[in-house]
Amino acid sequence: NFLDLPLTSKYSFYHRWIYDNKDSKVFSSTTLRSLNEKRIGGQVSFEPLMHKGENDVYGQVIDFKQIDISNKTSYRVSENANLTLETAISEHNQKSFFGTKKYVADQTIFYIKSAHILNWKNHKLISGINHKRTLLDEIITNDDYLIYPEDPKLEKIGPKLEKISGLFVENNFKWNSGNTQAITGLRIDHHNEYGLFITPRLLGKQNINENTFLRASIGSGWRTLDVFSENINLLGSNKPVEVSMDLQPEKAFNYGINIVHAIYLEKSEFQILLDFYKTIFSNQIHPDYHQENHSVIYMDNFTGESKSNSLQFEIGMEFFKSLGIKIAYNYLDVFQMKNGVKHQLPFNAKHHVLATTSYQPIGKNWQFDMNLHWFGKKNIIYNEDNQIDHSESNYSDPYSLLNVQLTK
């Protein structure tokens, strides 16, 4: 007696103004976007006006409104130099119910970035400054279970004020007749609570021949976490959520390679792609569903070994410029090492296959598309007794999704 999918209604508006005069040195683009969305889930008999926030019939309601406006303006200083200014402000208001739990959030984000772009010989040098300011207010009302266990009824989280100011520089240069390309980048950011972060990155591309390309990248990254807005599904559980009072930013170091080879025949084209990427996490924040014999969902920094290995093989084919076929296989291994034992993070399928077909007759105004996704088994949460003993033994069955679309 539960819905398979939430009932969703969505209204969105998007508009862009562009000023681009060939005789002027100024280019400007302003974008306005708004989105209202409401989702209703839970039992089939759930009526929001009657049952929202009550425990007679279980239901979930997620209702949010977003509006944002952004502008990007560039000024041509000379033939080889430009100045750019980007600004954006966004507002997010949300009211949600998960059974008897109520979650209310208001978030305002302001962003500004100024950059100088210089084209010099085979180099493109970009440097600048940016500032991001985020104000987040969250309130959780919970009649049944504790969240941050000091108060069984109400927890006001915040307001949280985050200010990040940064400097960045990036150099894109080419040589060997454009067949070799490298991008070096460095960011220095200051967070009002966590201090200084230095983030380097390097990307390279080599054209081995006319049909074969090799790309490689290496670098690091970091981010702060808003526990409940990014893990809203936790509120749908009947288990209490305990959050560490001293969450530190997540950090990661990653590297990878990408190889593309193309084959061109008289009436067909083939493209073969191979990807491998590895990410090493530190201070990773991921819900621990097995804390205290599975009775509590615990959120804290994981300081042990945590990695993600991703491998993808893809082949794309096009025939007679009207029929396209793509087949891809993705292997994703995401795990944490605990006491010398490898634990797969839940809800990730190790194996995923995608097959797509697209057909559009030449000169015709209609197109047929079909996508087939196959997901392998996923490690899910064991819901019976002795949960810790079964933390690695409960898996979902593989499943498929088929989407068909006809466009005229």
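Tutor: Let's start with a definition: a residue is buried under 20% relative accessible area, exposed over 50%, and partly exposed in between (1.4 Å probe, protein chains only). This is a predicted model, in which local features need pLDDT of at least 70, side-chain atom pairs count only at pLDDT 80 or more, and totals for chains, interfaces and linings use all residues.

Student: Is tryptophan 366 buried, partly exposed or exposed?
Tutor: Its relative accessible area is 33%.

Student: How many helices and strands does the protein have?
Tutor: Both are DSSP runs, numbered from the N terminus: helices are H or I with at least four residues, and strands are E with at least two. Counted this way, the protein has 2 helices and 22 strands.

Student: How many bridges join S12 and S13?
Tutor: Two strands pair if DSSP finds at least two bridges between them. Strand S12 covers residues 250-264 and strand S13 covers residues 268-282, and the two form a hairpin with 3 residues between them. The pairing is antiparallel, and its bridges number 14.

Student: Which residue in S17 is the bridge partner of isoleucine 272?
Tutor: S13 also pairs in the antiparallel sense with strand S17 (residues 306-319), over 14 bridges. In S17, the partner of isoleucine 272 is isoleucine 315.

Student: How many aromatic pairs does the structure hold?
Tutor: Rings of Phe, Tyr and Trp (its six-membered ring) pair if their centres lie within 6.5 Å; planes under 30 degrees apart are stacked, over 60 edge-to-face and the rest tilted. By that rule, the number of aromatic pairs is 8.

Student: What is the arrangement of phenylalanine 253 and tyrosine 255?
Tutor: Phenylalanine 253 has 35% relative accessibility and counts as partly exposed, and tyrosine 255, at 32%, counts as partly exposed too. Their ring centres are 6.1 Å apart, with 55° between the planes. This aromatic pair is therefore tilted.

Student: And what is the arrangement of tyrosine 359 and tryptophan 366?
Tutor: The ring centres lie 5.9 Å apart and the planes meet at 65°. That angle is over 60 degrees, so the pair is edge-to-face.

Student: How far from the ring centre of phenylalanine 335 is the charged end of lysine 342?
Tutor: A charge sits over a ring if NZ of Lys or CZ of Arg is within 6 Å of the ring centre and within 35 degrees of the ring normal. Lysine 378 does this with phenylalanine 375, at 5.3 Å. For lysine 342 over phenylalanine 335, the distance is 4.4 Å.

Student: Which side chain is joined to aspartate 68 by a polar contact of 2.7 Å?
Tutor: Aspartate 68 is in strand S3 (residues 59-78) and is buried, with 17% relative accessible area. A polar contact is a pair of N or O atoms within 3.5 Å; within protein, one must be able to donate a hydrogen and the other to accept it, and residues adjacent in sequence count only if both atoms are side-chain atoms. The partner side chain is arginine 33.

Student: How many residues are in the largest nonpolar core?
Tutor: Such a core is a set of buried Ala, Val, Leu, Ile, Met, Phe, Trp, Tyr and Cys residues joined through side-chain atoms within 4.5 Å. Those with the most contacts inside it include Tyr103, Phe228 and Met299. Among the elements giving two or more residues to this core are S3 and helix H2 (227-230). The core's residue count is 21.

Terms used:
Residues are numbered from 1 along each chain as its sequence is written. Side-chain values use heavy atoms; hydrogens and water are left out.
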